[in-house]
Amino acid sequence: MAGETSISALQSGYIELAGIIRALHGDWTAPAPGYEGWTCRDLLAHLSSSAASLPAVASSITELRDPNVPAFDSTRWNASQVRRRADRDAQELIDEYDSGTTRLVMVLGHAALDTPVTIGPYAGVSLGEAMAEMLEHQRHHLSDLKKALAG
């Protein structure tokens with residue numbers, strides 16, 4: 001997929017999502033159907049934490065993964081990130097998403113998309129493929145969030 005995905009397409013995709021997220025409004029305490037007890041704010045916290053972590057993932061291509069470290073557990077990581085953001089309001093989470101996207105766009109500007117990522121759930125996968133898959137993952141969550149906020 002890295003050959004099919006360009007840096008500018010990834011940057012544009014993430015910038016587009018940040019714009020959509022900045023425009024969201026509604027009842028952030030409403031349930032997010034399909035997310036096991038999460039509210040809309042919790043789902044936004046998940047999106048925000050992902051955006052905040054992506055610059056590190058995209059930069060990890062120069063670091064070697066320690067084989068003694070256990071494999072990445074995305075379920076545990078996601079839950080811990082949402083808990084860490086429990087006291088943040090929706091605007092703070094939106095701002096965090098925006099900041100993560102800005103940093104990611106800068107990192108991607110200097111990236112080699114065919115180089116393997118060394119951390120996170122996409123360790124070993126090319127950066128281009130990992131960023132394209134994460135973009136689709138975020139689009140899916142954002143679609144669910146928009147539906148939940150619309151009531």
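I began with the largest nonpolar core of this predicted model. The core holds 40 residues, and those touching the most other members are Ile 21, Trp 28, Leu 44, Leu 108, Leu 127, Met 131 and Leu 145. I then checked which elements give two or more residues to the core, and found α1 (7-22), α2 (40-59), α4 (90-108) and α5 (127-150). The largest share, 10 residues, is from α5.

Next I took Leu 108 and looked up its contacts, setting aside neighbours within four places in sequence. Leu 108 is in contact with Ile 7, Leu 10, Gln 11, Ala 58, Leu 113, Leu 127 and Met 131.

I went on to α4. I counted 19 residues and a reach of 27 Å from first C-alpha to last, close to the 27 Å expected at 1.5 Å a residue. At its N-terminal end I found a cap: a side-chain oxygen of Asp 89 lies 3.1 Å from the backbone nitrogen of Gln 91.

Which residues of α4 are buried? I listed Ala 90, Leu 93, Ile 94, Glu 96, Tyr 97, Gly 100, Thr 101, Leu 104, Val 105 and Leu 108. I noted for the spacing that an α-helix has 3.6 residues a turn, so residues three or four places apart point the same way. The cover over the buried residues of α4 includes α1, α2 and α5.

Last, I looked at the whole chain. I found 5 helices and 0 strands. Of its 151 residues, 43% count as buried. Among contacts with a separation of 6 or more, 77% join residues 24 or more positions apart. The chain exposes about 7900 Å², and carbon and sulfur atoms supply 54% of that area.

Notes
Residues are numbered from 1 along each chain as its sequence is written. This is a predicted model: local features need pLDDT of at least 70, side-chain atom pairs count only at pLDDT 80 or more; totals for chains, interfaces and linings use all residues. Side-chain values use heavy atoms; hydrogens and water are left out. A nonpolar core is a set of buried Ala, Val, Leu, Ile, Met, Phe, Trp, Tyr and Cys residues joined through side-chain atoms within 4.5 Å. Buried means under 20% relative accessible area, exposed over 50%, partly exposed in between (1.4 Å probe, protein chains only). Helices (H or I, at least four residues) and strands (E, at least two) are DSSP runs, numbered from the N terminus. Contact means heavy atoms within 4.5 Å. Accessible areas come from the Shrake-Rupley method with a 1.4 Å probe; for residues, only the protein chains shown count as cover. The expected span of a helix is 1.5 Å times one less than its number of residues. A polar contact is a pair of N or O atoms within 3.5 Å; within protein, one must be able to donate a hydrogen and the other to accept it, and residues adjacent in sequence count only if both atoms are side-chain atoms.
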